[in-house]
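Biologist: I have a structure open and would like to go through it with you. Shall we begin with the contacts and then turn to the sheet?

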Amino acid sequence: MAYQALYRVWRPQTFSDVIGQGVITQTLRNAVASNMTSHAYLFSGPRGTGKTSCAKILAKAVNCLNPHDGEPCNECEICRAANENRLNDVIEIDAASNNGVEEIRDIRDKVKYAPTEAKFKVYIIDEVHMLSQGAFNALLKTLEEPPENVMFILATTEPQKIPATIISRTQSFTFRRISRQDILERMTYILNDKNIKYDEEALNIIAASAEGGMRDALSILDQALSYGDDELTLKNAQEVTGALSNEQIVSYMTAIADNRPADALTSLYQILASGRSAMRFTEMIIRVCRNLILYNSNSDLSNQMDKSVMTDELLQIADKFDNARLFYIVDQVSATQKNLKNSNQTDVYMEILTVKISEPKIQQQPIAAPVQQHTPEVPAVDNTKVDKLSGEIANLKQEIQQLSSQTNNGNTTKVSKPKPAKRAGGVRVNKTAIYQVLENATKKDLLTVKDIWPDLMSMLSVTQRSIMSVSDPVAACDNGIVVAFDYEMWFEKAQEDHEFIDELTNNVSKLLKKDYQIVLVPKAQWPVVRKEYIDNNIDLSKPGNVESKQEQKKTDPTVDEALKLFGDDGVVEVKDD
Ligand SMILES: [Zn+2]
C-alpha cells in the first residue's frame, strides 16, 4: 500500500476526535443531535486547526443513517461513502482554484436539485475568501434563499476578506490555534500507536515550530520520520525544522552578552554554514529574548516561558542581560528582518546585526531614544547600499579585531547595566481617552474583547506578541478598550510605537467588525486613574457635596455603575486605596 501522510491517516472521523476545539465540536454535535443545524456555516481560523476536518464530519453527521449523539457512525453506507470521498451529495470546492463566478453560478443552478443519495446536499467551500466579488454576489443570492436540504460550509483563514453580507447569513465559528500541549499529546499518541520510539525534546521542537497547526505538526513529524530508521531523533527533528542546536544559540547569545563581537560573528558563521536560514535564526533570537525578558521580569511571568527554547544553559546566562538590552536586541533584530525580506545578501545584514547587538558602546546610548526602525521598505536591493554596508562591515570587522585583542588582554570592560532613562513627569497616560471609555464601559463589552484577545494575539508578529504578552484588556465600551501593561517600560514602548498601535487598532476592528480606540495604561497607574474617574464623577454629579464623599461612595449610583463595570474585585481595590 502506498504511503499515506500522517495527517491524512489520522484525520479525525468524529467530532470527539478533533483536538483542541472542544466548544465548537460540542456545539455542532448538539446541533446535529437536535436537528437544529443551520443552512450555512463559516469556519474561520489559522491553517491546520481542524476547519476542513470539522466540515467533513458535519457533512457526514447530518447525513448519517445511525448517528449517535450527533456523531456520525462511520459504519453506515453514507458514512463509508463520505469517508471514501464518493458521496455525490457532499461537494468540496477549493475557492483558491475555483474562484470564478461560473463555478458559483454552477452551484446556483444545481443547488435546486434535491440530494441524490443523502438527506442533505452539503457544499464545503475551502479558502472561501479567494472568491471574486462576482462569485460572492452569486453566493449571496443562494444564501439569501437557501433551498431545502442544502448546507453550505465556508472555511477560511482570512475571515476579514469576506463581505459582511455573507458573514451575517452564516453561523460563524472561530477555530483557535491548537495548544502546544494538545499537539504534543496527539503526536505522542500517534507515535505510541505506531510503536515508534521518539525523543521528547524532538517532539517539543516539532510542536513549537508547528505554531498551533496540527496538520503542520504531523507533516513535520512525517518528514522527520522519513529521515531514518523508524525512530524520531532530536537531530532529525532539528534538521527538518531548521532548528538551531542548543549549543549554537547558547554560544551566540553568550558572546552577545559578553560584548564579544568577534566570537558572536564566529558563532554566526557556524550557524549559517550549517544551513540555517537567516530568517529562522532571527526568529529564534527574538523568541530567546522574549523568554529571557519573561524570566528576568518576575516569577509569575516565567511560567509563560517557552520551555522548548529556554534550556538550562540559556537560563544560566539570563542574568547577563537586563531587559533594556533585550528590548534593544529585539528592536534591532526586527529591523533586520525587514531588510532580510527584501535582500538576497542576507549574510551581510546578519553580520551587521551581530556586530551591532554585541557592541558595548551601543548599550551606553539612552534607551529612551526610539530606535530607528520605521525606514520605508526597500523594494529591491540597490548596489550602492550594499557597497556602503560592505564598507561598514569591513570597518566593523577591524573594530572587532581591536576589541577582541583588548578582551584577550584581560581588559574586560564590564559595561554597567544601562538604566532605562526616567523621563521627567513620568509616563504620559491619556486620561481623557480612558475616561471616555470608562463613561460607557460595560462588563459585557470587556468580556467580548477578552474573547477575541487570543485571536488578536495570533494576528500579531512575534515581537508584537511578546510586547502584548504582559498586557491585558481591563475595561471596554462599545468603541474603546483600555489595555493595561504590567510594566511601565513595556507601556512606554508600545505607546511610542504608532505603527504598532495602528496595527492593533485595525486588527481589533477586523475581529469585532467595528472601530475601537485603544488606550494604553501601565498596570500600576490603572487603579489610580480608575479611582480618579469615579471620584470625579461623584464630584460632578453632586457638586458642593465633598464632605460626605466617603459616605456617598457606598451608596452613590456611580459606585453601583463601577460595580457593574469592574465587578466587586475592582471596587474593593478602590476602597482600599
Ligand atoms: Zn453513519
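Modeller: In this predicted model, residues 24 or more positions apart account for 75% of the contacts in the chain with a separation of 6 or more.

Biologist: And what share of the residues counts as buried?

Modeller: Of the 577 residues of the chain, 36% count as buried.

Biologist: How many helices and strands are there?

Modeller: The chain contains 27 helices and ten strands.

Biologist: In what order do the strands of the five-stranded open sheet lie?

Modeller: The order is β2-β3-β4-β1-β5, and the pairing is parallel. At the edges are β2 (90-94) and β5 (171-174), each of which pairs on one side only. From one strand to the next, the twist averages 15°.

Biologist: How many bridges join β3 to β4?

Modeller: Five bridges join β3, residues 121-126, to β4, residues 150-156, and the two strands run parallel. As one example, Ile124 has Ile153 in β4 as its bridge partner.

Biologist: Changing topic, what is the mean pLDDT of the chain?

Modeller: The mean pLDDT is 79, and 76% of the residues reach 70 or more.

Biologist: Where does pLDDT stay under 50?

Modeller: It stays under 50 over residues 362-382 and also over residues 562-577. For residues 362-382 the model has 30 contacts beyond four places in sequence, and for residues 562-577 it has 22 such contacts.

Biologist: How should I treat coordinates where pLDDT is low?

Modeller: Where pLDDT is low, the predicted coordinates should not be read in detail.

Technical notes
Residues are numbered from 1 along each chain as its sequence is written. This is a predicted model: local features need pLDDT of at least 70, side-chain atom pairs count only at pLDDT 80 or more; totals for chains, interfaces and linings use all residues. pLDDT is the predictor's confidence in each residue, from 0 to 100. Two residues are in contact if their C-beta atoms, placed from the backbone, lie within 7 Å. Two strands pair if DSSP finds at least two bridges between them. Helices (H or I, at least four residues) and strands (E, at least two) are DSSP runs, numbered from the N terminus. Axes are lines fitted to C-alpha atoms, for helices over the stretch in contact, and angles run from 0 to 180 degrees between N-to-C directions. A residue is buried if 20 or more other C-beta atoms lie within 10 Å of its own, exposed if 12 or fewer, and partly exposed in between; C-beta atoms are placed from the backbone.
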